[in-house]
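Student: Could we walk through this structure together, one question at a time?
Tutor: Gladly, let's start with a look at it.

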Amino acid sequence: MCGIVAYIGNKNCKDILINGLKRLEYRGYDSAGIGILVKSPDGNSGSQGLEIKTVKQSGKINDLEKLLKGQKIEGTVGIGHTRWATHGEPNQVNAHPHFDCSKRIAVVHNGIIENYTEIKEELKKKGHTFISDTDTEVLPHLLEEFLKSDADGGMLIAMQRLLKRIKGSGAIVALSSDYPDELIAGRIASPLIAGISKEANFFASDMPAILEHTHNFVVINDYETVRLTRDKIEIYDASGILLQREPFKATWTLESAEKAGYEDFMLKEIFEQPYGIRETMRGRITNGIFNFDEFGLDDDKIKNLKKIQIIACGTSYHSALTGKLVIEKWAKIPVEVDIGSEYRYRSPLIDANSLFIAITQSGETIDTLAAVKEARKKGAKVIAITNVVGSTISRESDSVIYTHAGPEIGVCATKTFTAQIIVMYLIGLYLAKRKKLLSEETLKKFINELEIMPNKVQQILNNADKIKKIADYSYRHTCFLFLGRIYGFPMALEGALKLKEISYIHAEGYAAGEMKHGPIALTDTKTIVVGVIPKDFVYDKMLSNLQEVKARNAKIFALTTEGDSNTSKYADYTFEIPGTFEELYGILEIVPLQLYSYYIAKNLGRNVDQPRNLAKSVTVE
Ligand code: F6R
């Protein structure tokens, strides 16, 4: 999830690009760059005495600005990019724009090119050389190659061929010194809009980048390509047919546009979960094909695995608990889960036959990092799961599996959590596959189900108003108990954590069977029991637990499965989630619980994006 801005007009565009990028920093902020068409100092680069001048820097836009200070870069066509790394560390070389061999084509890109390794090898054989670790760099080289074979088609036809060649996602904007009066763009699955005004035209990944220049926008759809000149926009469909599309007028303010119209980043990020889940599966599960060899353990290592130790903190710890359940069930490997701050000070038994997995969305949590050091000292191989490329944990582990949820601005983890859960499912299925413990048919069923999971999450989000109503009835209560069993238990813990951190109401998550061992003493008319009760093999047990708290006057909000007419007899409020395999329910259960906490907190007037006393990365003990 990166930010793109591009300009074609009559003004010097350096500052326009930089200001646009600043507006997009919430989309990605680990490195940035601009590319502007300028007069070539020697007057003979490019066909028109022009060349593309790029300036790139790691860090924030401010760092790029510092580098640009005093540099005279004058040009009226340019592209800019702020990066949230997915392939390759966030450094200057990997920052966009990227060039082809001749440096006459520069490209910025937001998305993931799944088949970039294959394309890169193919291009290398044709003499192309690459300097970065990014997937994006293949794009200008592909355009160069297509132009070589069909110069008459120009950049537009080259871009149309490129969209057919790549697999994955991308909003792509290209600039060429041989075609100085146009910008060419293409889109697959990543957001891209064009901004239209009398003075200039723009591309952007999001409105805020260009809202100060225009309110007239054209949305670019999947597999469309666009030629943008100073006074015209031409949009072509996948078969190259010119389309007619009128701009629409946006009424959003800058602030609401940054949040894509949502009231808070947290709500926006909850609603981005279908995207985050899809991106995290991208290239790992595609059209029924499961490829997770990046896990990187050879057959011997997997055969000899005696134990997996997972370490994490907070919300990430709850995804670890889900990991334990599915790995033990599918791959039959014992899994121990621990909290970073506990693990680092006890005397853990770990050796070279153990696999150590550390989960941390930020990649910077000090206790998790300390646990990683401890495990490596004892000879264990460490795999990190993180959302931030180039974070400390990615450097201090043997290998890394990235979640691709995109940057999370709200302090409270939402979309990074569901992306972690997806990785837990992938690890469980992958180990079971390698150990031949799941039949092809069963594996296929899970893979197919995971592929449609983003749609099921979307279905829940489409009913957010129903959750809001339940939250409107609930928010004055002062005690919340979240109960679940087996796969529902980590979600009960996570539901309670979400509620306490953003609403400041006391909430506890419990394994429902534990109620009789103490917590049931808490239940009275002020208590709301949130029961996670999907139609799984412990459904009847959960139902009994809910009946017990009902008998003690607690109010019940039950998360049920579609078609379950029984639970509503005991529950005061119910919300139905779509059915799935029992191992996969967690990812559907947590979404309504996130919404529930969100709406309760809003009813109480809390700042959900920056809850009191909390920080996004916990870098101190
Ligand atoms: C809760 C939350 C925290 C983090 C925890 C670990 O919403 O965000 O509980 O999950 O601080 O952070 P990471 O995953 O960055 O290690």
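**A covered strand and a buried glutamine**

Tutor: Strand β6 is covered on both faces, with Ile105, Val107 and His109 buried on one side and Ala106, Val108 and Asn110 buried on the other. Strands here are DSSP runs of E with at least two residues, helices are runs of H or I with at least four, and both are numbered from the N terminus. Buried means under 20% relative accessible area, exposed over 50% and partly exposed in between (1.4 Å probe, protein chains only). This is a predicted model, where local features need pLDDT of at least 70, side-chain atom pairs count only at pLDDT 80 or more, and totals for chains, interfaces and linings use all residues. Residues are numbered from 1 along each chain as its sequence is written, and side-chain values use heavy atoms, leaving out hydrogens and water.

Student: Which residue in β7 is the bridge partner of Ile105?
Tutor: Strand β7 covers residues 170-176 and runs antiparallel to β6, with six bridges joining them. Strands pair if DSSP finds at least two bridges between them. The β7 partner of Ile105 is Ser176.

Student: Is Gln420 buried or exposed?
Tutor: Gln420 lies in helix α14, residues 415-434. Its relative accessibility is 2%, so Gln420 counts as buried.

Student: With which side chain does the side chain of Gln420 make a polar contact of 3.1 Å?
Tutor: A polar contact is a pair of N or O atoms within 3.5 Å; within protein, one must be able to donate a hydrogen and the other to accept it, and residues adjacent in sequence count only if both atoms are side-chain atoms. At 3.1 Å, the partner is the side chain of Ser319.
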